[in-house]
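Subject: Structure for your files

Hello,

Here is the structure I said I would hand over. My notes on it follow below.

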Amino acid sequence: MTTDLRALGTRLRAAFMGGALLFAAMTAAGAATLEIINIDDPGVGFNDPTPVAPVGGNPATTLGEQRQNVFQFVANFWGKRLKSDVPIQVLATFGPLDCTSTQAVLGAAGAYNVFRDFPNAKKTGTWYPSALANKLAGIQLEPNPDPFVSADIVAFFNGNLGQPGCLDGSGFYLGLDGKPTDPAQIDLLTTVLHEFGHGLGFQTFTDGETGLQFPAETAGDPGFPSIWDHYLLDPKQHKVWSAMTDGERAASALVPRNLVWNGHKVTKTAPAVLDRGTPELFVFGGGLNRVFMIGTAQFGPPIDKKTLISTPLAVLPTPATGGAACAPLAMSDAAKLRGRIAVIDRGGCTFTSKVKNAQVAGARAVIIADSVAGTPPPDLAGSDDTITIPAVRISKDDGAAIKAAVAAAPLPVLAPFGVLYDNLLKLAGADYLNRVYLFTPNPYQGGSSVSHYDTSATPNLLMEPFAEPNQPIAVSAPKDLTLELLEDIGW
């Protein structure tokens with residue numbers, strides 16, 4: 001049984017029929033072969049003749065050729081690590097994608113076809129991405145030789161990136177060494193490596209927002225789970241996604257740092273990749289007695305095994321005009337924070353300004369309460385080498401709960417206690433059983449939720465939802481866990 005995911009397939013076939021060009025593949029004997037099929041028009045994208053200087057081991061002297069070389073590198077890199085007797089076809093294009101001056105879609109890739117109930121399928125009634133399905137079956141399951149029908153992966157990348165109106169000044173770095181010389185550049189190689197991971201199977205075909213299984217269009221239709229769904233475990237529901245109802249899946253996709261990957265290979269390998277220790281905030285007193293989800297700061301001391309701050313919480317009021325702690329504190333406010341963990345609302349100035357002013361006032365640490373709804377809270381951005389106390393961010397709702405508990409304390413000395421520490425019983429990005437978290441923010445983020453590792457993983461993993469600078473060129477242990485997940489589903 002086969003179907004396809006070609007929401008763009010008909011348009012692609014009409015626009016590019018006869019114009020496809022195979023420009024890459026070649027891997028060692030016994031490895032998989034990835035064939036990159038260039039579907040760009042002459043003079044644009046992979047065929048852009050704009051002169052450029054060689055960079056980072058990429059010897060090409062035109063923009064299009066440098067892009068081709070990056071894709072060739074990634075095709076060979078993945079091919080050497082996978083085994084398949086069936087070539088993996090990738091339709092690839094550089095064209096304009098959604099962007100503004102401040103944010104942009106870098107690229108996207110995914111399975112072009114999916115199959116179920118084919119020979120040698122490990123699970124019946126289950127959708128597999130075609131590259132994996134072909135590998136398991138030992139044949140190309142789609143007999144039509146036209147790549148616009150039979151392709152395994154489709155990949156779109158933003159040819160306008162860095163131009164005016166499209167993340168201005170932040171173009172792709174086209175070296176093959178993963179080392180952009182300009183911090184504003186985004187490494188194309190690791191971005192393509194990430195997107196090919198999706199196309200090879202690092203994705204679910206189930207709609208995480210509605211819980212509907214592919215190809216169901218309405219609740220109650222007979223959809224089927226993705227192979228991915230058999231390994232998505234919700235510990236709170238005690239179920240994997242393939243065993244849930246639509247509503248249960250939709251609910252599961254909105255509980256941050258709960259949904260885990262339950263594959264043996266990833267779980268066994270996680271301790272060799274992820275750091276030991278998870279920064280946590282525990283609050284007790286005033287009706288609170290729980291761990292709060294936090295985002296850590298890019299500045300100040302890390303919350304590591306040497307950190308243990310246990311002290312009452314103190315809330316700094318937000319003035320009617322301006323933001324809290326955006327200027328040196330008055331003596332009365334400073335006295336409230338001295339020796340305590342300061343709780344400060346976001347807004348009005350930079351995070352570093354707030355934390356520095358609280359530090360000068362004598363606070364031992366700072367909790368920034370977010371001003372917009374959503375969880376998990378992102379990290380605190382900024383840089384200031386003079387900050388010597390730790391800082392974390394909590395969600396708007398958690399901030400309201402803590403502030404209410406502090407306000408209800410009969411005396412300041414009876415205020416709830418906050419404890420900042422590094423939980424060494426957990427890996428950074430996994431639960432107590434070393435099962436790695438999937439990215440499940442609330443509200444749901446289309447294109448990111450569920451089909452990525454969680455952002456709490458440290459060091460950063462390739463398949464997190466956002467591009468990170470200095471991402472290593474790796475897909476497996478000891479630096480990454482992408483290949484291990486693909487092996488769990490059958491590679």
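I start with a strand pair: E14 (residues 276–285) and E21 (residues 417–427) run antiparallel and are joined by eight bridges. Strands here are DSSP runs of E with at least two residues, helices are runs of H or I with at least four, and both are numbered from the N terminus; two strands pair if DSSP finds at least two bridges between them. Within this pair, Leu281 stands opposite Leu420 of E21.

E14 also pairs with strand E15 (residues 288–292), again in the antiparallel sense, over five bridges. Here Leu281 faces Phe292 in E15. The hairpin of E14 and E15 has two residues between the strands, and Gly286 in it takes a positive phi near 65°.

This is a predicted model, in which local features need pLDDT of at least 70 and side-chain atom pairs count only at pLDDT 80 or more, while totals for chains, interfaces and linings use all residues. Residues are numbered from 1 along each chain as its sequence is written, and side-chain values use heavy atoms, with hydrogens and water left out.

An open sheet of three strands has the order E12-E11-E13 with antiparallel pairing. Its edge strands, E12 (239–240) and E13 (260–261), each pair on one side only. E11 (residues 232–234) is joined to E12 by two bridges, and Asp234 has Lys239 in E12 as its bridge partner.

On the cores: a nonpolar core is a set of buried Ala, Val, Leu, Ile, Met, Phe, Trp, Tyr and Cys residues joined through side-chain atoms within 4.5 Å. Buried means under 20% relative accessible area, exposed over 50%, and partly exposed in between (1.4 Å probe, protein chains only). In the largest core, of 74 residues, Trp78, Phe196 and Tyr453 touch the most other members. Several elements supply at least two residues each, including H2 (63–81), E4 (88–95) and H5 (188–200); the largest share, seven residues, comes from H2. Leaving out residues up to four places away in sequence, Trp78 touches, among others, Leu34, Leu193, Phe196 and Leu486 (contact: heavy atoms within 4.5 Å).

For the whole protein, there are eleven helices and 21 strands. The radius of gyration (over C-alpha atoms) is 25 Å, close to the 23 Å of the globule rule (2.2 Å times the number of residues to the power 0.38) for 491 residues, so the protein is as compact as a globular protein of that length. Of the 491 residues, 54% count as buried.

Regards
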